[in-house]
Amino acid sequence: AGNSPEVDASPRPSILCDMTGFIWGLHYGMTDLKSHWGKAYTDDDITVYYHAGRCIHFAACVRGLPQVFNPKAKPWIRADAAPAEQIAGVVRRCPTGALHYELKNGPAESPEPTSVEVRENGPLFLRGDLTIAAPHSATPGGEVKDTRAALCRCGGSSNKPFCDGTHRNGFQAEGGQKLNTA
């Protein structure tokens with residue numbers, strides 16, 4: 001009533017929600033921001049969120065804690081299979097922002113110093129307090145705020161500006177350097 005702005009509560013395509021995480025809440029008036037980080041896997045001490053649209057199967061999670069992150073199991077994430085702090089540490093290794101976490105009794109993930117890593121034959125891995133401009137076809141409002149992201153370098157991603165793994169089809173470019181490290 002009165003001068004309250006109306007919130008469009010119509011359903012949104014799931015790929016948009018998977019890619020943007022909490023930006024939906026900022027731009028569309030949603031109150032439970034964590035629910036838009038992707039599918040939740042919960043234990044008493046930690047909730048791990050997974051965004052399939054941002055995952056390029058780099059597998060830092062699988063290598064880091066295979067008893068927690070097992071793509072052959074259902075569910076593939078077992079938040080009860082290791083101490084919460086260990087799981088949080090492995091989630092922070094995910095270079096794409098496909099994984100996030102919330103500790104029940106601990107600090108939230110905080111951004112690392114800003115850095116850009118150029119991967120040979122692959123994407124740009126960004127870390128830090130990121131605000132990424134994205135086309136409206138990818139995100140409502142045109143920007144994503146995150147602490148980690150993998151950006152397309154090959155030009156073939158259907159999830160631009162984010163990498164979707166298309167570079168594995170023959171893209172070649174030098175890499176190996178870290179830029180803008182604090």
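The legends below walk through several close-up views of this predicted model.

**View 1. Three strands form an open sheet.** Start here to get your bearings: the strands follow the order β1-β2-β3, with antiparallel pairing. Strands β1 (39–42) and β3 stand at the edges with a single partner strand each, so one side of each has no neighbour in the sheet. From one strand to the next, the twist averages 20°.

**View 2. Strand β2 pairs with both β1 and β3.** The antiparallel pairing of β1 and β2 runs over four bridges, while β2 and β3 are joined, also in the antiparallel sense, over five bridges. A handy residue to look for is T47: this residue of β2 is the bridge partner of T42, and T47 also stands opposite E102 in β3.

**View 3. Helix α4 lies across strands β2 and β3.** The helix runs at about 150° to β3. Take a moment with β3 itself (residues 99–103): four of its five residues are buried, so this strand is largely enclosed by the rest of the structure.

**View 4. Y50 and W76 meet edge-to-face.** Across the whole structure, a search finds three aromatic pairs. In the pair shown here, the ring centres of Y50 and W76 are 5.0 Å apart and the planes are at 75°. Y50 belongs to strand β2 (residues 46–50) and W76 to the loop between α3 (60–64) and α4 (84–93), so their pairing ties together parts that are 26 residues apart in sequence. Both Y50 and W76 are buried.

**View 5. F58 and F125 form another edge-to-face pair.** Here the distance is 5.3 Å centre to centre, with 85° between the planes. F58 sits in the loop between β2 and α3, and F125 in strand β5 (residues 124–133), so this pair ties together parts that are 67 residues apart in sequence. Are the two residues buried or exposed? F58 counts as partly exposed, because its relative accessibility is 27%, whereas F125 is buried, with a relative accessible area of 7%.

How values were computed:
Residues are numbered from 1 along each chain as its sequence is written. This is a predicted model: local features need pLDDT of at least 70, side-chain atom pairs count only at pLDDT 80 or more; totals for chains, interfaces and linings use all residues. Side-chain values use heavy atoms; hydrogens and water are left out. Rings of Phe, Tyr and Trp (its six-membered ring) pair if their centres lie within 6.5 Å; planes under 30 degrees apart count as stacked, over 60 as edge-to-face and the rest as tilted. Helices (H or I, at least four residues) and strands (E, at least two) are DSSP runs, numbered from the N terminus. Buried means under 20% relative accessible area, exposed over 50%, partly exposed in between (1.4 Å probe, protein chains only). Two strands pair if DSSP finds at least two bridges between them. Axes are lines fitted to C-alpha atoms, for helices over the stretch in contact, and angles run from 0 to 180 degrees between N-to-C directions. Contact means heavy atoms within 4.5 Å.
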